[in-house]
Amino acid sequence: MKLYLLRHGVAAEPDRRNYPDDAARPLTPKGKKKLRRIAEYMAAMEMACDALLTSPLPRAVQTAEIAAGGLKLKKGLLLAPELAPDGDPKALIDRLNRDFQAAEAIMLVGHEPGLSQLISVLLTGRVTGVPLELKKGGLCRLRIESLRYGQCAVLESLLAPKDLRSLKAEG
C-alpha cells in the first residue's frame, strides 16, 4: 500500500476576532492557489488513491477537496476525526485496517505535529524517532506492506510545496 500524507495549505492567521474558534480557520486565497499547483503536480504524476481521508477542520477539508480534484477522485472525501489536531493515531490505523484492507493507495490530509509524528511512528516505531516537520502543503509518500501502529513503512518521498512546484515546472 502507498500512504500519502498531505498537510493542509496556508490558512488564515489565528485571530480571536474573526475566528474565535481556531478550528474554524479556512485556507487563504494564496493557500488555495498553491494547493491547486500541487494538485496539478499530482495529476501530472498520475497519482491515484482509493480513498482520501481528511481532518474535519475547514482548512484540511478545503485542502482535501483541491487534492481530490487533482487526483480525479471518484469517491467522496471521508471525514476522519482521528486526523484532527487532537485525534487518535492508533484509532486512525485501526480504521484504515478495518475499512481499507484492499486499498492500494490512501491519502490522509491533516495537521502538524500529528502528521509528522505519525510518519515517525510508521518509520521508526517512535513518535520522536524522525525529527521532521511537514510544511504546509507538503506531501509524504510511504510504502507499507502491513499497516500497524509501529515501524512498518519505508519512506519513498518527502516533498515541500516548493519542491512540488519545481517538479511540475520540469515535467
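## Sheet and strand pairing

In strand β4, M107 is the residue that L52 stands opposite. The model is predicted, with local features needing pLDDT of at least 70 and side-chain atom pairs counting only at pLDDT 80 or more, while totals for chains, interfaces and linings use all residues. Residues are numbered from 1 along each chain as its sequence is written, and side-chain values use heavy atoms, leaving out hydrogens and water.

Strands β2 (residues 51-54) and β4 (residues 105-110) run parallel and are joined by four bridges; two strands pair if DSSP finds at least two bridges between them, and strands (E, at least two residues) and helices (H or I, at least four) are DSSP runs numbered from the N terminus. The open sheet has six strands in the order β3-β2-β4-β1-β5-β6, with mixed pairing. Because β3 (78-79) and β6 (153-159) stand at the edges with a single partner strand each, one side of each is left without a neighbour in the sheet.

## Largest pocket

The largest pocket holds about 260 Å³ of space. A pocket is an open set of points on a 1 Å grid over the protein atoms alone, where a 1.4 Å probe fits, with protein on both sides within 12 Å along at least five of seven lines, and lining residues have an atom within 4 Å of a point; grid points are joined across faces, edges and corners, and the volume is the space filled by probe spheres set on the points.

Its lining comprises 18 residues, with G87, P89, G114, L115 and Q117 nearest the centre. Helix α4 gives the most to this lining, with five residues.
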